[in-house]
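Please work through the following exercises on charged side-chain pairs. Each task is followed by a stepwise solution.

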Amino acid sequence: MIFSADLEFPPLRRAIRAAGDEGDSGDGQGQIGIATKTRAKPKKPSQFKVLMLNDDYTPMEFVVMVLKRFFNMDLEQATRVMLHVHQRGVGVCGIYPYEIAETKVNQVMDFARQNQHPLQCTLEKA
Ligand code: TYC
């Protein structure tokens, strides 16, 4: 069974389409059907963690700048998160609905690339 909330998550939507599962309208165009089932208990839109990964080359100051710029942290918060990532390998920058989390990841990756730093950022279901 596919609930409409599942279709808010683009990778799952793509997987359902690729699998030709029950979402397929059967017109052979790879189109998915409209989710018509309703939940007795509607779910909140699912949330995604934006994760920052450590590396050996990105300057600490750059990571702090990224956290301030894209995650609206102050200097103290940004420094704490940066040091956590530096010491533990990975850390949470924030938790958002999928589209916002994806936008943040793209903004960070673009900004790092423009500045020739290997900084990596990803998302994970909360
Ligand atoms: N490990 C980096 C250094 O020593 C700093 C760093 C911290 C890099 C956090 C990435 O997500 C990161 N310069």
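The exercises below concern salt bridges and their surroundings.

The model is predicted: local features need pLDDT of at least 70, side-chain atom pairs count only at pLDDT 80 or more, and totals for chains, interfaces and linings use all residues. Residues are numbered from 1 along each chain as its sequence is written, and side-chain values use heavy atoms, with hydrogens and water left out.

**Exercise 1.** State how many salt bridges a search of the whole structure finds.

Solution. A salt bridge is a side-chain nitrogen of Lys or Arg within 4 Å of a carboxyl oxygen of Asp or Glu.

**Exercise 2.** Characterise the pair formed by E124 and K49.

Solution. Step 1: the N to O distance in this salt bridge is 3.3 Å. Step 2: E124 lies in strand β3 (residues 120-125) and K49 in strand β1 (residues 47-53), so the pair links distant parts of the chain, 75 residues apart. Strands are DSSP runs (E, at least two residues) and helices likewise (H or I, at least four), numbered from the N terminus. Step 3: E124 is partly exposed, at 38% relative accessibility, and K49 is partly exposed at 23%. The classes are buried (under 20% relative accessible area), exposed (over 50%) and partly exposed in between, with a 1.4 Å probe and protein chains only.

**Exercise 3.** Locate the salt bridge of D110 with R113.

Solution. Step 1: the closest N and O atoms are 3.2 Å apart. Step 2: D110 and R113 are separated by about one helical turn, because they stand three residues apart in helix α4 (residues 98-114). Step 3: D110 is partly exposed at 36%, whereas R113, at 54%, is exposed.
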